[in-house]
Amino acid sequence: MTKRTKTAVSLLALTAAAGFGSAAQADDLTLCWAAWDPANALVELSKDFEEKTGHTMSFEFIPWPNFADRMLNELNSGGKLCDLLIGDSQWIGGGAENGHYVKLNDFFEAEGISMDDFAPATVYAYSTWPKGTPNYYALPAMGDANGWFYRKDWFENEEIRAAYKEATGKGLGEPKSQKELMEIAKFFQGREIDGNTVYGVSIFTERGSEGITMGATGALYAWGFKYENTPGSYDMEGAVNSPEAIEALEFYKELYECCTPPGYTNSYMGESLDAFKSGQVAMAMNWFAFFPGLYQDPDVGGDKIDFFVNPPQNQPGSTLGGQGISVVSYSDKQDAALEYIKWFADPEIQARWWELGGYSAHNAVLNDPGFVDSQPFAGDFLEAMQNVQDFWQEPAYAELLLAMQKRLHDYVVADKGTAEEALNLLIEDWTEVFEDEGKL
């Protein structure tokens, strides 16, 4: 169900419009995003924009499983629903090449907004097309990566620690590698804690949108997976199906089979959170975006929870999440939408964004001496963002993603074929897409 929230504007705010930007009249702007905790924080944050400009903000929030289909259909049809869109990082190529997003270079220059003020990984992933060029179609809005959290109270329980020491010969603590993560998960699988049978991990296995790809790439990147041998060449043979990639995919399948709750065949963000909050699992993967809410959870938060970065295996690597905010080219209110971009880019607003539960990508926030200690997951977030990798950001990303979803789910969950076969078939799928795009 679409959630639509509209905040009110006061007469006082209307008089303030003349002091901000150059808008001649107040507009009602609609910002489109996914329906999740950070979106609620943005509603609260945006009240400041309304007070300063006289514009009113409406919000169209779409549940994650439907977000891509709904928003991409809106863009492809030239729809006018959204004046501003916080779109996924993978959409930036299509948004630029298909003319959905306003190019922001001239605006940034005129307003003194420098991309050097934002974390390089977020500028590269959320803003640029072609990748790495100084062509900007979004302002980094929501830094994010796939991380982990665990039941700290279980890990610190003396009886559990003694049992783990006896079983493995090691001390129980945050896993330092993917293989150690599985070792811990196997230890907890089927164990009885507080009279309940618990399980090792909740991971992503969902097939319909992006779930299993976002989960499995956490293992793939940690083993050293690459989409191409040479960036921009689309030479996938020997990269996508490398021995390291095969081993990583075999690992993810084993982790699914050994250590997840029963019936965990189509899980993504919500299912992972539910499994953890209900006390079913010792560890869970999910996006950093949910960590503020988890820490505040009355049942499993506070002293009962802690967080860690996706563990390395052959190298550090985390699956990139997060989004940039773009002005939609079909909007009739682009000037007011650009005012919102200018307001949002202000370091003071970015600091407030972090305080409310959003993930700022602004260096003034991230490099503040107090940032690491500001939240128990802040340091992990910084570490993760230093080693993030993203899925293809090609205009045909949707076809590329659907292919990976199918091949991974068929192998990991449906138990079809081998990891090598799955990755070989994926190369065939992707090759066909790039041939249709005229890139091979």
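View 1. Just after H9, look for Gly190, which takes a positive phi of about 80 degrees. This is a predicted model, where local features need pLDDT of at least 70, side-chain atom pairs count only at pLDDT 80 or more, and totals for chains, interfaces and linings use all residues. Residues are numbered from 1 along each chain as its sequence is written, and side-chain values use heavy atoms, leaving out hydrogens and water.

**View 2. Surroundings of Met283.** Leaving aside neighbours within four places in sequence, Met283 is in contact (heavy atoms within 4.5 Å) with Leu181, Ile184 and Ala185, among others. Its partners also include Trp148, Phe149, Tyr150 and Phe308.

**View 3. The largest nonpolar core.** This core (buried Ala, Val, Leu, Ile, Met, Phe, Trp, Tyr and Cys residues joined through side-chain atoms within 4.5 Å) has 157 residues, and Trp33, Met283 and Trp430 have the most contacts inside it. Helix H11 (residues 243–259) gives the most to this core, with nine residues.

**View 4. Where H14 meets H15.** Here Trp343, Phe344 and Ala345 of H14 meet Pro347, Ile349, Gln350 and Trp353 of H15.

Terms used
Buried < 20%, exposed > 50% of the residue type's maximum accessible area, 1.4 Å probe, protein only. Helix = DSSP H or I, 4+ residues; strand = E, 2+ residues; numbered from the N terminus.
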